[in-house]
Amino acid sequence: MWKRFIHHKTAVVTVLIVLFIGLAGIFAPFIAPHDPYKTDILHKFAKYSMEYPLGTDRLGRCVLSRLIYGIRPTLGLSLLTMLGTITLGAIMGIAAGYFRGLIEEVIMRIVDVVLSFPSQIMVFAVVALLGVSVQNVIIANVFIKWAWYARMIRTGVLQYRDKNFVQFSRCVGMPETFILLKHLIPSITSDLAVLASLDVGWAIINISTLSFLGLGVQAPTPEWGAMLNDAKDVMTRNPGQMLAPGLAIVVLVCCFNLMGDALRDVLDPKEVEE
């Protein structure tokens, strides 16, 4: 697997880019040239310069510093959302696909109900019901997305539950936990990696959208969607204000999408090196 990863250029490049962005967010206090919260109205809308590489916003805050600090809420909240959805979705999907019967019927009917509503509208409804806060944004996203995970993972489990190696383990009296942990879960690892990578990209867009609409991360916390929300008021006078956070979102989402496809090839045991 390691050799396949090293020789897969897309996997290496995308993982390195994501790691670089993540490390930049972790070490933001040491990398950012200015305090992202410090306002200087006398230097608002400053042009690109050595002091302000990406200029300043309408309050005179350094755009580059806010962009670097914005990695924390943008990427951090997306990863938390992904972990929540993949955990709940995997539990429900594995239970439905492996145990079948009444358990499958109950879980899949709940999944059908959740998926019958437009996801974005349901997220707005949950946030409106629970209130505007970061915690409620994560809860809303997990509440909506887990059903999609459960259906996809159930399909993967159904492909392996009746394979010969699983049937052999049953015949020799192996416990169900052994079969799940040693056979089924490793068999769907590549599918989980792809789904997780794609879900992070979806979560980044969704959290940024909610922040852009004023329902997610609130000012003055630097977050890419919130930065777009601030920039929209001066879009006609200073369109460049939307360029940095907009490109950052596009690049990071594209990296996670490409990384998902690359990891699927790397983790697939049937993949043959060219």
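Is Phe45 buried or exposed? With a relative accessibility of 19%, Phe45 counts as buried, because the cut-off for buried is under 20%. This residue belongs to a predicted model, in which Phe45 is placed in the loop between α3 (28-31) and α4. Phe45 is not a glycine, and yet its phi is positive, at about 55°.

Arg100 also has a positive phi of about 55° without being a glycine. Arg100 is found in the loop between α5 and α6. Its relative accessibility is 32%, so Arg100 counts as partly exposed.

## Confidence of the model

The average pLDDT of the protein chain is 85, and 97% of the residues score at least 70. Among the elements of the chain, helix α4 (residues 63-69) has the highest mean pLDDT, 93, whereas helix α1 (residues 2-7) has the lowest, 75. Where pLDDT is low, the predicted coordinates should not be read in detail.

## Helix α5

Helix α5 covers residues 71-99 and contains 29 residues. From its first C-alpha to its last, helix α5 reaches 41 Å, which is close to the 42 Å expected at 1.5 Å a residue. Arg100, with its positive phi near 55°, follows this helix.

Helix α8 spans residues 134-160 and includes Lys145. Lys145 is buried and has no salt bridge. The nearest side chain of opposite charge is that of Asp199, 4.4 Å away; this pair is not counted as a salt bridge because the cut-off is 4 Å. Apart from residues up to four places away in sequence, Lys145 touches Thr85, Asp199 and Trp202.

Asn141 is placed in helix α8 as well. Its relative accessible area is 0%, so Asn141 is buried. The side chain of Asn141 reaches the backbone oxygen of Val137 at 2.6 Å. Beyond its neighbours within four places in sequence, Asn141 has contacts that include Thr81, Thr85, Val123 and Trp202. Asn206, Ile207 and Leu210 are also among them.

## Links between helices α6 and α8

Glu104 and Arg154 form a salt bridge in which the closest N and O atoms are 2.7 Å apart. Glu104 lies in helix α6 and Arg154 in helix α8, so this pair ties together parts that are 50 residues apart in sequence. Both partners are buried: Glu104 has a relative accessible area of 8%, and Arg154 has one of 19%.

Asp112, in helix α6 (residues 101-115), meets Arg151 in a salt bridge of 2.2 Å, N to O. Arg151 lies in helix α8, so the pair ties together parts that are 39 residues apart in sequence. Asp112 is partly exposed at 29% relative accessibility, and Arg151 is partly exposed at 33%. The side chain of Asp112 is also joined to that of Arg109 by a polar contact of 2.9 Å.

Arg58 is partly exposed at 33% relative accessibility, and Asp230 is partly exposed at 21%.

Definitions and conventions:
Residues are numbered from 1 along each chain as its sequence is written. This is a predicted model: local features need pLDDT of at least 70, side-chain atom pairs count only at pLDDT 80 or more; totals for chains, interfaces and linings use all residues. Side-chain values use heavy atoms; hydrogens and water are left out. Helices (H or I, at least four residues) and strands (E, at least two) are DSSP runs, numbered from the N terminus. Buried means under 20% relative accessible area, exposed over 50%, partly exposed in between (1.4 Å probe, protein chains only). Lys and Arg count as positive and Asp and Glu as negative; His and the chain ends are not counted. Contact means heavy atoms within 4.5 Å. The expected span of a helix is 1.5 Å times one less than its number of residues. A polar contact is a pair of N or O atoms within 3.5 Å; within protein, one must be able to donate a hydrogen and the other to accept it, and residues adjacent in sequence count only if both atoms are side-chain atoms. pLDDT is the predictor's confidence in each residue, from 0 to 100.
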